[in-house]
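Open the model in your viewer and keep the selection tool at hand. We will go stop by stop.

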Amino acid sequence: MKMNNFKMQSKNLHLHYGENHVLKGINLGVRPNEITALIGPSGCGKSTFLKTLNRMNDLIDNVKIEGEVYFDDINIYDSKVDVYLLRKRVGMVFQKPNPFPMSIYDNICYGPKLHGVVKSKFDEIVEKSLKGAALWEETKDRLKKSALSLSGGQQQRLCIARALAINPEVLLMDEPTSALDPISTIKIEDLMSDLRKKYTVVIVTHNMQQAARISDRTAFFLMGDMVEFDETEKIFSMPKDKKTEDYITGRFG
Amino acid sequence: MNKKFRLFDFFLKSLIWISGIFIFTVLISIIFFVFYKGLPSISWNFLITAPSELDGTIGILPMIINTVYIIVITLVISTPIGIFSAIYLNEYAGKNKLVKIIEFTTETLAGIPSIIYGLFGFAFFVVGLKLGYSILSGALTLTIMILPTIIRTVQEALKTVPNMYREGALGLGATKLHIIRTILVPSSIPGILTAIILSIGRIVGESAALIFTAGLGYSLPSGFFEHVKSTGATLTVQLYQYAIRGESLEIPFAIASILVIIVLIVNIATKVIAKSFNKER
């Protein structure tokens, strides 16, 4: 049974880091094949929320999570859930490009190799993933070169390609363009509208214009609460909450 | 920049240069001095015979063989243990009190005079485990002696692997063990090689810890594996023996030249290997 057509959904999600109450009962549904943007000032919990969606917060000491997060109709915090399989299906792109210190080709194959894909499929996967991340034309003649020789923007697209190589259903992006120059940022934004066709995307961004440009829905976070969540157009043209309005008009944050 | 500051800058720069030149000169002088005194006494015969009153030879072949045996056995035992311990301390142990104690102990062990390791090795391996004066006792003693160095060096190498690699791999669904195997260890290979060179340097230079454990034997091996259980002096131990007799310094210097050459070769070889590893990535 699918619940309300949400691809992922958090229900009354609380998260504590030691004494800090970082997420205070978040209820948020991510619809399939949409881009959902999470905005809010630093420390509002948006990145932490993103990381609860593929359980990357599990690694931190002293973290306590209550509530539920559903992926299709599975509660991912259920003790029976295989967290490694979950991360295969819910991929992630990080704030700083983090290609591994190996060749471009090997970076892409890292995931497939890990999940037992046969070697004969690698060439095809590499081409498909790099094309999917709009990096194929630039790298097809230098696949065996070190990934660290790429520019920052190319490295980030490589990380997207690396995430796509294991066919995730959801792609989480944690401020993927904040470390990049404007031209690389535009390339990645262009790419995202393509990604939406195949994947469900959740993106955390500091840049409100970016959220307005690329996302279908936007959630505004403030001090661990989700203040408002609606279609992006509505959030940016007629926010219901005063705090949202203050934030998007630049009065604070 | 004002004048006073510029003068100070000049003074500091000169100091750095003078120190650099001083170290360089000292090093080159020592090497040249050793070669000058030692190389003339090295002959083909010196390299391929054993010391024998009967044949009237004073060769060092057994010591070369003993040295190689001890290096290989010590490294074969200590490198894996050292790498695994470093991985455990860095990746699994977390930050509790026990780990602090282990790290403190390792650091202390690294600073203990080698004669104490020799004494311990004598009591434990030679007498306690009844291994006798043997290459094996010597190698086991040196294993304990160099383990702290290996652990510390590999640990430093692991610490320099950026955390974002670990995150990236976890995000793809990798387990900790898989990340260690595919990313951490490959990225730490230069550090592991450094640990190995440092260890070889210490093994080649060691005498105090070996005299009581590997003994002073100078005969050629009777068999490939039997030799492990027989006593054998390394080049350094033999050098020490000749030197304290005080008859002549020709042979000690000849051995010293060989040691310097071995250390140079090891260093260069490791650099070349490290470079080729870095190129691959």
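How many residues of chain A are in contact with chain B, and how many of chain B with chain A? Select both sides: 20 residues of chain A meet 14 residues of chain B. Bear in mind that this is a predicted model.

Stay on the chain A side. Pick out helix 2 (83–89), strand 6 (90–93) and helix 3 (104–114) of chain A; each gives two or more residues to the side that touches chain B. Helix 2 of chain A provides the largest share, four residues. Now colour this side of chain A by class. You will find eleven nonpolar, six polar and three charged residues.

Trace the chain along its sequence and the pattern reads α-α-α-α-α-α-α-α-α-α-α-α. The C-alpha atoms of chain B fill a box of roughly 70 × 60 × 35 Å along the principal axes. Of its 281 residues, 35% count as buried. Look at contacts in chain B between residues at least 6 apart in sequence: 76% of them join residues at least 24 apart.

Bring chain A back for the largest nonpolar core, which has 125 residues. Select A:L38, A:A161, A:L171, A:L172, A:V201, A:V202 and B:V154, the ones that touch the most other members. Then highlight helix 6 (residues 135–159) of chain B, the source of the largest share of this core, 13 residues.

Last stop: zoom in on A:V201. Which residues is it in contact with, leaving aside neighbours within four places in sequence? Select A:I35, A:L171, A:M173, A:M192, A:L195 and A:R196.

Key:
Residues numbered from 1 in each chain as written. Chains lettered and ligands numbered in written order. Predicted model: local features only at pLDDT ≥ 70, side-chain atom pairs only at ≥ 80, totals over all residues. Contact = placed C-beta atoms within 7 Å. Nonpolar A, V, L, I, M, F, W, Y, C, P; charged D, E, K, R; others polar. Buried ≥ 20, exposed ≤ 12 C-beta atoms within 10 Å, placed from the backbone. Core = buried A, V, L, I, M, F, W, Y, C linked by C-beta atoms within 7 Å.
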